[in-house]
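Subject: Structure handover

Hi there,

Here is the structure I promised to pass on to you. Have a look at it first, and then read on for what turned up in it.

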Amino acid sequence: MTRNRKRLPAWLAAGLVLVAAMVLYQAEPTGVTGPPSGSCPEDALKCPSAGPAPGPTPAPSPDPSPSGTASPSPGSPSVSPSATPPPVGSGPPTAGTVCSSPGACGFPDAGSTGPRSGLRRHDTGNISVKTDGMVIKGWDIHGSLDVYANDVTVIDSKITSANWWGINLRPGYKGLRVLHTTITAVPGEGPDNGGVDYAVSNMGESSIEVGWCDVSVFGNALSMGQGNLHDNYVHDIAAFRNQGGEWQHTDAVISGGGNKGRLTVRHNTLLNAVPVDRGASAALGLFADTGAVSSVTVDSNWLAGGAYAFYGGGPGATGIEVTDNVFSTQYHPGSGVYGPVAAWNSGGSGNVWRGNRMSDGRPVVPEPSP
């Protein structure tokens, strides 16, 4: 039997049509599959602030994924790294600003460095990487990486080493990139009488990139004559005696001179709280150990600790640009035990000292060269 259906009043039917149209309009995308404007991208470390950053920020690094990337091992997570987001923080505070801590003034800290995603444990031991273009992503590595290959990328990972180093690029190879990675060690378990020496070492033929990394424990954490070191947090360096029984010199960043390419150290937090009688050398040390120091940019860093917070390369140093750095008093009134800066060659060709200040706002002026 057919039942009679009652017709809706005209005004109610029109209203339902209007509501349906609005729902369909909101549900239909306009060809954009990503998050709506203003939301936080899945691969971002932190959601962007509502307003513009108070100062220039470095451009994001290009996608480090090389063509033909090899998978590190069967069953490992996807190794295609996402595009690197802009660094958290901003340029240096304006002159006269008092900074209580690195993070309070936009410098890297534990919240803006290290992996941005979950990790899968890999008990690798000390292994040699020999595949060109290899990308290691999402690994929690218990061991170290000795790189005998070109264009290797380590991203969104963690390395806990008991070797001399965390990552070492060997001579004859180039293109290493270490991004958004924690690199640390276990004090007392390293081969150098319980100590460890280099978190990242560049023995290769060209510049390498180390960015947005959380680095700790290693005595000379970032060691290289050429490279691009940016937006890193180096802290909690562990003092130790070497196998000869002498205290190992410690530096958050160290360069031994004789470099053929440029070393850029920009927008890092470099801390060396080791006591000077246990080997503290510098937060950033440019030393002419293997040749004259040249072509170095030191810009917009937070420096604290060491005998002096910064060593400038000595009498033969040229092309050293030191600009807009903050020398923190968090460990010593003079930033370093004996002061903020030593071995600065003010008369060297191309040497520039500009805009550097203490964290309490006082300008830093190097002593005249002898």
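A cut-off first: a residue is called exposed when its relative accessible area is over 50%, buried when it is under 20%, and partly exposed in between. Asp-123 has a relative accessibility of 55%, so it counts as exposed. Arg-121 is at 52% and is therefore exposed too. These two residues form a salt bridge, with 2.8 Å between the closest N and O atoms. Please keep in mind that this is a predicted model.

**The overall picture**

The protein has one helix and 26 strands. Of its 370 residues, 50% are buried. Taking the contacts between residues at least 6 apart in sequence, 66% of them join residues at least 24 apart.

**Salt bridges**

How many salt bridges does a search of the whole structure find? There are six.

**Asn-168**

Asp-146 also turns up among the neighbours of Asn-168, which touches Leu-145, Asp-146, Val-147, Ser-201 and Met-203, leaving aside residues up to four places away in sequence. Asn-168 belongs to strand S6 (residues 165–169). Is Asn-168 buried or exposed? At 1% relative accessibility, it counts as buried. Its side chain makes a polar contact with the side chain of Ser-201, at 3.3 Å.

**Parallel strands**

In one run, strand S10 (residues 209–211) is parallel to strand S13 (residues 227–230), and three bridges join them; here Glu-209 stands opposite Asn-228. S13 is in turn joined by four bridges to strand S16 (residues 263–266), again running parallel, with Gly-227 opposite Leu-263.

In the other run, S17 is the strand with a partner at each step. Strand S14 (residues 233–237) runs parallel to S17 and is joined to it by two bridges; Val-234 has Leu-270 as its bridge partner. Four bridges then join S17 to strand S20 (residues 302–305), also parallel, and Asn-272 stands opposite Gly-305 there.

Which way do the side chains of S17 point? Thr-269 and Leu-271 point one way, Leu-270 and Asn-272 the other way, and all are buried. In a regular strand the side chains alternate between the two faces of the sheet.

Val-276 is partly exposed, because its relative accessibility is 31%. Together with Val-337 and Tyr-338, Val-276 makes a nonpolar surface patch of about 250 Å².

Asn-356 sits in the loop between strand S25 (352–354) and S26, and its relative accessible area of 4% makes it buried. The side chain of Asn-356 reaches the backbone oxygen of Val-322 at 3.0 Å, and a polar atom of that side chain lies 3.2 Å from the backbone nitrogen of Asp-324. Residues that Asn-356 touches include Phe-327, Pro-363 and Val-364.

Pro-366 lies in the segment after strand S26 (357–358) and is buried, with a relative accessible area of 16%. Beyond residues up to four places away in sequence, Pro-366 touches Val-341, Trp-344 and Trp-353. Pro-366 and Asn-356 are ten residues apart in sequence, and their C-alpha atoms are 10.0 Å apart in space.

Enjoy exploring it!

Best wishes

Conventions. Residues numbered from 1 in each chain as written. Predicted model: local features only at pLDDT ≥ 70, side-chain atom pairs only at ≥ 80, totals over all residues. Heavy atoms only, no water. Buried < 20%, exposed > 50% of the residue type's maximum accessible area, 1.4 Å probe, protein only. Contact = heavy atoms within 4.5 Å. Patch = residues over 30% accessible without salt bridge, like charges linked within 9 Å, V, L, I, M, F, W, Y side chains within 5 Å. Areas by Shrake-Rupley, 256 points an atom, 1.4 Å probe, with all protein chains shown as cover. Salt bridge = Lys/Arg side-chain N within 4 Å of Asp/Glu carboxyl O. Polar contact = N/O pair within 3.5 Å; in protein donor to acceptor, adjacent residues only side chain to side chain. Pairing = 2+ DSSP bridges.
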